[in-house]
Amino acid sequence: MRLYCLSSHPNKPCYVLRFKEIVMMLDCGLSAQTALNFLPLPLVPSSRLANLPAWMPQDTVDIQLEGELKDCMGRVFVDSAPEFCPPLTNMIDFSEIDVILISNYSSMLALPFITENTGFRGVVYATEPTLQIGRLFLEELVEYIEQTPKRNQAKFWKDILHLLPSPLCDSFKPKTWKLLYKLSEVQSSLSRIKVVGYDEKLDVYGALKVTAVSSGYCLGSSNWVISSDYEKVAYVSGSSTLTTHPRPMDQTVLRNSNVLILTGLTQTPTANPDTMLGELCMAVAMTLRANGNVLIPCYPSGVVYDLFECLSSHLDNSSLSTIPMFFISPVADMSLGYSNILAEWLSNTKQNKVYLPEEPFPHGYLVKTGRLKHYKRIYSDGFSTDFRQPCVVFCGHPSLRFGDAVHFIEQWGNNPLHTVIFTEPDFPYLEALAPYQPLTMKAVHCPIDTSLNFTQANKLIRELKPSTLVVPQSYTIPPPSHTHRSELVIDQESRYVISIQRGEVVSLAVKRQMAKVSLCPTLADRINCSEVRSGICLATVTAGLFVKDNQHKILELPDETPFVPKKRRLSKSEGESSTSMKYEWGTLDMDLFIRKLKQEGISDAKVEENNNGYIIHLQEEDTLIQVEDKSTHIYCEAADTQLRLKLRNILMQCLNTF
């Protein structure tokens with residue numbers, strides 16, 4: 001069993017598992033952090049961005065490089081359409097992949113890169129919410145990029161990385177970065193997904209069974225159990241034990257696995273989600289009281305649902321219930337609609353509201369009462385009429401490189417009354433704000449990550465008791481920002497731990513020792529068992545082993561069996577019947593063997609013991625008998641066939657038979 005790591009980001013995982021001749025991809029996350037190296041894509045032409053000075057390396061004159069790089073307050077950015085870092089393509093042929101298992105909608109953004117134009121012919125499994133909300137993420141991302149196209153694509157800067165300032169010079173293989181896929185490729189890749197339910201056992205070409213179980217992280221998020229008849233692999237990605245809106249994490253079937261692959265832990269190990277949520281509500285209230293606006297860059301689903309609920313309640317308690325909230329996204333209406341109809345994937349508290357009947361999320365009520373207004377774009381019909389300040393705006397993208405958030409930062413950035421609050425942990429907020437400097441609006445960092453922290457992960461591992469644990473290498477050392485915090489790592493003392501990083505292949509300590517075989521009922525009825533030891537019975541079977549679709553069957557041989565050599569077949573007249581055949585087993589009783597030799601007139605046997613067994617020398621017969629644990633050899637004159645057969649028969653009489 002081998003595991004390949006195709007991703008550099010533990011929270012955007014992509015692994016390939018080879019198990020019983022099946023090639024299985026575990027998630028296909030897309031790292032968008034590379035977009036931070038590019039200038040933002042404004043919805044309307046920005047004179048500020050257009051007038052940024054061009055940057056060229058010292059003592060270098062390269063006409064091809066001209067216009068590709070620009071300087072903003074000492075930071076160099078690429079002036080081009082943003083590029084993304086897809087999973088590695090040179091480690092495995094994507095056309096060989098049989099199955100892709102998707103854990104949640106944030107771990108499937110690289111799916112079009114995997115399935116389209118690669119020869120992929122496999123099947124993709126995901127839950128209904130993962131498919132539907134993942135579709136929203138993919139479509140939103142494509143629309144953000146395509147609504148502000150760049151005329152030229154910068155590429156020559158990648159040839160002079162050593163001449164560029166940090167962080168551009170630290171870019172990892174930028175020539176492998178890719179422009180985003182098209183909407184047609186998104187639709188084609190999504191059409192390959194087969195929807196599964198929790199605890200549904202899926203057959204993978206007869207060799208494996210895969211089962212999705214709730215991970216508690218977001219709507220429809222899953223952990224996966226991959227099992228054969230005698231081995232089990234658990235894949236835990238993006239899980240949470242906190243009580244939020246998704247169905248709670250199911251740990252039962254993850255226990256006692258041969259291998260546990262763990263990834264997707266919190267990106268903010270020192271930040272408590274409840275504390276961050278409280279700080280966010282306070283920052284919003286303070287800004288609104290000062291007559292300022294609040295911008296919250298967000299994704300179209302996930303934590304934003306909890307923000308609507310908690311923030312609206314806090315504003316009510318702060319006498320700010322008249323403040324409007326705007327949710328702007330190309331998929332805003334579909335996101336709000338889906339969240340209210342996916343009741344079976346929600347926590348029990350949310351499910352119970354459905355049967356009252358009430359809408360499970362309060363944003364349904366907020367929309368009806370006009371507190372929360374949603375629009376596809378800032379230029380949608382009715383937005384300019386409804387828009388009033390002060391207000392709270394939720395929109396994308398959290399990277400601040402594309403989407404409506406770029407417009408609001410450009411509009412509000414020079415006013416210290418306004419505040420931008422970062423809640424998504426995927427992007428360092430100072431890096432996101434770098435191309436907007438100098439910025440006078442306030443920036444508040446309140447990352448809310450409900451994924452397992454290291455304390456919770458270590459507790460979970462102790463409860464699951466895997467034989468082997470596989471984790472990203474970054475989980476075995478403290479984070480760079482907290483090098484002194486030795487508790488912010490995965491405990492490696494009490495178990496066998498394998499660490500893995502991008503581009504590595506590791507062998508997992510799982511050896512296939514047994515396989516399940518079904519026996520033909522007719523043959524089974526004729527089997528005569530012999531008890532060779534208390535509680536142990538043996539029987540012989542003469543039949544054919546047939547293997548098809550990874551299923552093993554023992555069936556009766558037909559009268560004419562072409563694949564059995566003629567010299568190995570016994571006719572009924574010359575061969576023994578199956579009931580009279582005997583089979584020897586066990587170790588040789590040396591004392592009994594010597595007595596039998598004496599009874600047959602061979603009394604000069606000398607026995608020598610060595611490390612491997614015994615050597616018996618028959619002096620008069622000039623013969624040696626070498627007895628080992630698993631074999632016996634008789635060395636005598638080649639012409640003395642009668643002696644050889646005689647010794648063989650004596651030897652057989654000293655063994656157990658059935």
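Visitor: Is L545 buried or exposed in this model?

Guide: This is a predicted model, and the question is settled by relative accessible area. A residue counts as exposed when that value is over 50%. L545 has a relative accessible area of 56%, so L545 is exposed. Its place is in strand β26, which covers residues 544-548.

Visitor: What of S237: is it buried or exposed?

Guide: Buried means under 20% relative accessible area. The value for S237 is 2%, and therefore S237 is buried. S237 lies in strand β12, residues 232-237. With which side chain does the side chain of S237 make a polar contact? The partner is the side chain of D27, at 3.4 Å.

Visitor: What is the order of the strands in the open sheet of 7 strands?

Guide: The order is β9-β10-β11-β12-β13-β20-β21, and the pairing is mixed. At the edges are β9 (201-204) and β21 (496-500), each of which pairs on one side only. On average, neighbouring strands of this sheet are turned by 20° against each other, direction ignored.

Visitor: In which sense do β10 and β11 pair?

Guide: Strand β10 (residues 208-214) pairs with strand β11 (residues 222-227) in the antiparallel sense, over 6 bridges. As one example, V210 has I226 in β11 as its bridge partner.

Methods: Residues numbered from 1 in each chain as written. Predicted model: local features only at pLDDT ≥ 70, side-chain atom pairs only at ≥ 80, totals over all residues. Heavy atoms only, no water. Helix = DSSP H or I, 4+ residues; strand = E, 2+ residues; numbered from the N terminus. Buried < 20%, exposed > 50% of the residue type's maximum accessible area, 1.4 Å probe, protein only. Pairing = 2+ DSSP bridges. Axes fitted to C-alpha atoms, helices over the stretch in contact; angles between N-to-C directions. Polar contact = N/O pair within 3.5 Å; in protein donor to acceptor, adjacent residues only side chain to side chain.
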